[in-house]
Amino acid sequence: MLFPLSHAITKGQKARTSWISYEALAEVHQYIELDRAASTEGFRWRPPSKLGVPLIVEQPDWEGAFLNGERRSWRKLRPAERLRLVTPEGGSALVGLQSSGKPFVDWATVFRRTSARIRERFEPRFPTVAPHRLRHSMAMATLEWLVTGYYQRAAALAAGSGDDAAMALYLTRNDPMLILRDLLGHQSVPSTELYIARLDVTRIYRDANKDTTGAPDTGASRRSRGRVRRRGGRLMPAYVIDEPLAVHFVFPNGREWTCALDDLPNPGLALDLARGLAANAHPEGGIGAKNTVKTYGVALRKMVRALSEAGFTGTASDLTRATLVRYWMAGTHTAERETRMLLKGFDRVKGALRPEVRAYLLGNQIQAYRSRGSYQAYTDGEWDRLEAGCRAVVDDSWGRHRRAQALAARGAEPSADAEHSPQDIAWLLLRDGPFPDRPGYRAQAQARSARSPQWDLRRAVRQMRSDLFPHPVVQVAYSVLFGMYCGVVPDGIDDLKLDGL
């Protein structure tokens, strides 16, 4: 069913209408009636003062409600205001709540912790997923549904009329990319076209045509099945061409390039590593540009040739730890890193590596990274200048800190009708900590700003914050001086605990 989205909460601040399945909507209603009702029963909640004044909801309807006695539209409420919504019963008006009845909005932490648990219990190679990935998942699923129905309808028109002109007219007037563009809120179709690179449009059209007309599968269509390979229901923006061997990439910017891998002495191993190369295409891996593909392609060719010269004739499934160790010991750190990624990608796709090889790939590299130049010790003059520079930074910071503390001792709680003096700002920072320039505090200072146009509250807060709380440069200076005076190396300082002092 259609689901309207306000400009106040969408990416790009562009209002649009999206969709939600009946199954998902039913799950939401079930959560509201059971889990959410249990969380809010007998619990009263008010937003913390740092968020601002609570917005008491009265007489709500589909379009809006009275908030603190003023009629407001839901469409105009921004996320910061929605966090302050309080029901007449005294609970949060947001849908998602914690078990204690407090609103829950930290979905990034949920995704990060879930990704970590999956890596610990099931799949060590599982990536860290962010909530924004749901936008991409929705776009890909919607696009495949749109394209499938789009081509099925086009094929039905062509089959019913016997005229390809009917299909051509339909294709020009019902482009699914235009629909997806509006659903995602993009300004132009080129931004949306990045998603279609991950869809096997040729396969979708072939299946739609076959389902509608009963047309047989041809050799050309069989060959096109490799356009964008599927893995676990997901679509990859790279595919392997069997004859001649190559890997074709569709990059995030929409450009395409083919990496030729033919004429290698061991076709079986070359094919397996080519599959690993395709598996590392963005966003599944780090290959997202032509030059990166070239680098990995060179590493692939060198590995196949070197192992063939050493007498290895098997595929990637036949590789042993001893074979890989001999090859990597004779190479470089970069070559080992790149071929490890190829083997990991192959194993993600096929799962065909030997268990001991798979476990070995999860460990550290054999070839350590070697710096091109050796570190030179400081001369006595350089050491003295470093100490003097750090000492000057620390002394200046400590002096400003003492002066800011003295100002805070004479300050008080700032209010809308009072002067926001440096003393008041210092007092507030010492009480609340080095908070960012909060909108609520800026609102409190509107009266002062109106009377004194030259007064820049944000600059004053930043200055006082740097005086009271050491910034990174000062922290580094303290750390360097600590190491100089006590002789503890930086790694030791990091591990130093209070019981070690």
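Which residues form a nonpolar patch on the surface? The answer is V28, I32 and V95, which together have about 200 Å² of accessible area. This is a predicted model, in which local features need pLDDT of at least 70 and side-chain atom pairs count only at pLDDT 80 or more, while totals for chains, interfaces and linings use all residues. Residues are numbered from 1 along each chain as its sequence is written, and side-chain values use heavy atoms, with hydrogens and water left out.

**Surface patches**

- Patches are built from residues with over 30% relative accessible area and no salt bridge, joining like charges within 9 Å and nonpolar side chains (Val, Leu, Ile, Met, Phe, Trp, Tyr) within 5 Å.
- Accessible areas come from the Shrake-Rupley method with a 1.4 Å probe, and for residues only the protein chains shown count as cover.
- V95 has 43% relative accessibility, so it counts as partly exposed; buried means under 20% relative accessible area, exposed over 50%, and partly exposed in between (1.4 Å probe, protein chains only).
- On the charged side, R112, R113, R117 and R121 gather in a surface patch of positive charge.
- For charges, Lys and Arg count as positive and Asp and Glu as negative, with His and the chain ends not counted; the place of a charge is taken as NZ of Lys, CZ of Arg, CG of Asp or CD of Glu.
- One of these arginines, R113, belongs to helix α3 (residues 107–121) and is exposed, with a relative accessible area of 54%.

**Salt bridges**

- Side chains of opposite charge can pair when their charged atoms come close.
- The model has 13 salt bridges, each being a side-chain nitrogen of Lys or Arg within 4 Å of a carboxyl oxygen of Asp or Glu.
- R75 pairs with E63, their closest N and O atoms being 2.8 Å apart.
- This pair links distant parts of the chain, 12 residues apart: R75 is in the loop between β5 and α2 (79–82), and E63 is in the loop between β3 (55–58) and β4.
- R75 is partly exposed at 48% relative accessibility, and E63 is partly exposed with a relative accessible area of 42%.
- E81 forms a salt bridge with R72, with 3.1 Å between the closest N and O atoms; R72 is partly exposed at 22%.
- R125 and E123 also form a salt bridge, with closest N and O atoms 2.7 Å apart, and E123, R125, D347 and R358 are linked in a network of salt bridges.

**Backbone details**

- The peptide bond from E243 to P244 is cis, with omega near -10 degrees, and P244 is placed in the loop between β9 (238–241) and β10 (246–250).
- N68 is not a glycine, yet has a positive phi of about 55 degrees; N68 lies in the loop between β4 (64–67) and β5 (70–73).
- D263, also not a glycine, has a positive phi of about 65 degrees; D263 is exposed, with a relative accessible area of 71%.

**Cysteines**

- The structure holds zero disulfides, a disulfide being a pair of cysteine sulfur atoms within 2.5 Å.
- C390 is buried at 9% relative accessible area, whereas C486 is partly exposed at 37%.

Definitions and conventions. Helices (H or I, at least four residues) and strands (E, at least two) are DSSP runs, numbered from the N terminus.
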